[in-house]
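Here is a short note for a colleague who has not seen this structure before. The points run from terms to single residues and then to the chain as a whole.

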Amino acid sequence: MKLVKPAPVAEPQKVSEWSRWYLVQEGGHPSIKRSRKVNGKTTWNRYPAKHYKHMSPEELTALLRRLNATFETEKKLAEERYNFDHAYVNVRSLTAFEKYLKKQTTVDSSVSNPMSMLQRYSLEYFIIKQGIPDPAKWHIKEDDWGEWLLEQDLSVALLKRIVSTTNRFTKFLNQKIYPEMPNARKLEPIGRAKYAEINYLRKKKGEDDESKYIQPETYKKIVKAFEEEEPEVLPNVKLCKAFGLRISESLGFDKPKFLKDAVLVDEQGKGVKGGQIVRKKVKTNERMVPYWNMTAVDAWTLVKQIIPMHPNTLTKKVNKVLAKFGHSSHDFRRTFITEAHRSHHWKDVQRAAGHTTHQMTMKYDQDDRNLSPLLADLDD
């Protein structure tokens, strides 16, 4: 009987994991590839050039980051969440949107705040949490996004800004950067009834962040409190109340700003250097505010008493005292507009407030006076 020699058992292949993707120059052209070893022999995997041959160096860097994301921890990926590579959301589009915002304003925060909100509450949710990189498809998870935003316990004002910034970004992509991009549907994840409910609950908890009209009796108490606790900022407080200023705008005056009929508001405080106030252009439109509540001489006397300080420091000092009365520094502006409407033409009030429309000015008006319901005393 012939014995059959058993076939040798094949040794299992020793295969290492793929390495990270990296960029090399081959023949003067960029090439993206990675490698791994099979039984000690190196084998290569190339990323299709058609996906990146049109990209700039910055976009190539972003693509590598995305391709290598599986090698990063969740924390690292979160830190890099601003850098995506997709047909419509990438470094190029984000940079273009940031430049677009800068053209619309002279205030740095009016650019950094929307970009931060877009990154934290929109891109992070749709691209990282939901895996939907195409803005034209974000409406699929619109309701889920609304529920997630509500879980963040944000004010109504901030929620509205997040939604409007997101819609502004998708509209910008379609109109300015990628005309071929499908027009994304306008997102409305939270209804007006829900906004009203949030406002009601925040007021009930004492967390209402909306501005409120300062009653005359309350203003007298506020002035007394500043005289006792923060007398160095009282000139700023009085100027804000008399001219409807934002708190930083009270740091923007010098003698040439006081005209014959009105004070010119075109600068605000930026910081302090060498013991002097550093100024910059106002946040919105420059304006001239008539001397309705204070003479030019009295106002200039207050300006000369102002102590140079950073606007953030000034705001903290002012709001610390106002918080005890349920108010904030912006309530001076609302109070000015409310009282001005009682005795001046609406167009003059709009100009003094620096608003482009009277509808915006009316949002500040909180005149709660009511006509008497008592019957008139008639002869017959």
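1. A term is needed at the outset: helices here are DSSP runs of type H or I with at least four residues, numbered from the N terminus. The model is predicted.

2. Helix α3 covers residues 91–104 and supplies the largest share of a positive surface patch, namely three residues. The patch as a whole is formed by K99, K102, K103 and K176.

3. K99 sits in helix α3. Is K99 buried or exposed? Its relative accessible area is 54%, and exposed means over 50%, so K99 counts as exposed.

4. Helix α9, residues 234–243, is mostly covered, with nine of its ten residues buried. The buried ones are L234, P235, N236, V237, L239, C240, K241, A242 and F243.

5. What do the buried residues of α9 pack against? Their partners include the helices α8 (216–229), α10 (296–305), α11 (311–322) and α12 (331–341). Strands β4 (262–265) and β7 (287–290) are also partners of these buried residues. After α9 comes G244, which has a positive phi, near 65 degrees.

6. Helix α12, one of the partners of α9, contains T338. The relative accessibility of T338 is 0%; buried means under 20%, so T338 counts as buried. Leaving aside residues up to four places away in sequence, T338 touches Y213, Y364, D365, Q366 and D367.

7. K273 belongs to strand β5, which spans residues 267–273. K273 has a relative accessible area of 67% and is therefore exposed, the cut-off being over 50%. The C-alpha atom of K273 is separated by 9.1 Å from that of P308, and the two residues are 35 residues apart along the chain.

8. Some totals for the protein chain close the note. Of its 380 residues, 41% are buried. Among contacts with a separation of 6 or more, 61% are between residues 24 or more positions apart. The accessible surface comes to about 23,400 Å², and carbon and sulfur atoms account for 51% of that surface.

Definitions and conventions
Residues are numbered from 1 along each chain as its sequence is written. This is a predicted model: local features need pLDDT of at least 70, side-chain atom pairs count only at pLDDT 80 or more; totals for chains, interfaces and linings use all residues. Side-chain values use heavy atoms; hydrogens and water are left out. Patches are made of residues with over 30% relative accessible area and no salt bridge: like charges are joined within 9 Å, nonpolar side chains (Val, Leu, Ile, Met, Phe, Trp, Tyr) within 5 Å. Accessible areas come from the Shrake-Rupley method with a 1.4 Å probe; for residues, only the protein chains shown count as cover. A salt bridge is a side-chain nitrogen of Lys or Arg within 4 Å of a carboxyl oxygen of Asp or Glu. Lys and Arg count as positive and Asp and Glu as negative; His and the chain ends are not counted. The place of a charge is taken as NZ of Lys, CZ of Arg, CG of Asp or CD of Glu. Helices (H or I, at least four residues) and strands (E, at least two) are DSSP runs, numbered from the N terminus. Buried means under 20% relative accessible area, exposed over 50%, partly exposed in between (1.4 Å probe, protein chains only). Contact means heavy atoms within 4.5 Å.
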